[in-house]
Amino acid sequence: EVCVTEFEKACEIVWSASLLVGMHPDQAAQAIVEVALAAGKPFAVVPCCVNANEIQFRTRKLPNGSAVRTTATLITYLASLDPKIRVAHLDFEGKNSVVYKL
């Protein structure tokens, strides 16, 4: 198990990765998508928690202006960040929608 405590090392690991993945990443879902887009890297994220009441997430809005309050609207919001982002459903129970870009 590796524990990264230095910001520069964390950046190095992320930038050298060939793919970013988040399986129920809680508050990191949006950050994974945004970093992958900025780095031009493929990604796959299976969002779970919306954390709509957390101050850093209260300003998230869908293209129609409505607030991101549910997992379904979080998925829509993440997919709206880039026209090449796709959504698929994985074959297991529970939160199983994957937001991805190859």
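The model is predicted. Its secondary structure amounts to 3 helices and 4 strands, and along the sequence these elements follow the pattern α-β-α-β-α-β-β.

**Overall form**

The C-alpha trace spans about 35 × 35 × 25 Å along its principal axes. Of the 102 residues, 32% are buried. The accessible surface comes to about 6600 Å², and carbon and sulfur atoms account for 56% of that area. Among contacts between residues at least 6 apart in sequence, 40% join residues at least 24 apart.

**Strand pairing**

Strand S2 (residues 43-46) takes part in both pairings listed below.

| Strands | Sense | Bridges | Example of bridge partners |
|---|---|---|---|
| S1 (residues 20-23) and S2 (residues 43-46) | parallel | 4 bridges | Val21 and Ala44 |
| S2 (residues 43-46) and S4 (residues 97-101) | antiparallel | 3 bridges | Phe43 and Lys101 |

Between the parallel strands S1 and S2, the chain passes through helix H2 (residues 29-39), forming a right-handed β-α-β crossover.

**A buried helix**

Helix H3 covers residues 71-79, and its buried residues are Thr71, Thr73, Leu74, Ile75, Tyr77 and Leu78. The cover over these buried residues includes H2, strand S3 (86-89) and S4. Helix H2, part of the cover of H3, is also the helix of the crossover from S1 to S2. Strand S4, likewise part of that cover, is the antiparallel partner of S2.

Technical notes:
Residues numbered from 1 in each chain as written. Predicted model: local features only at pLDDT ≥ 70, side-chain atom pairs only at ≥ 80, totals over all residues. Heavy atoms only, no water. Pairing = 2+ DSSP bridges. Helix = DSSP H or I, 4+ residues; strand = E, 2+ residues; numbered from the N terminus. Right-handed = clockwise from strand over helix to strand, strands pointing away. Buried < 20%, exposed > 50% of the residue type's maximum accessible area, 1.4 Å probe, protein only. Contact = heavy atoms within 4.5 Å. Areas by Shrake-Rupley, 256 points an atom, 1.4 Å probe, with all protein chains shown as cover.
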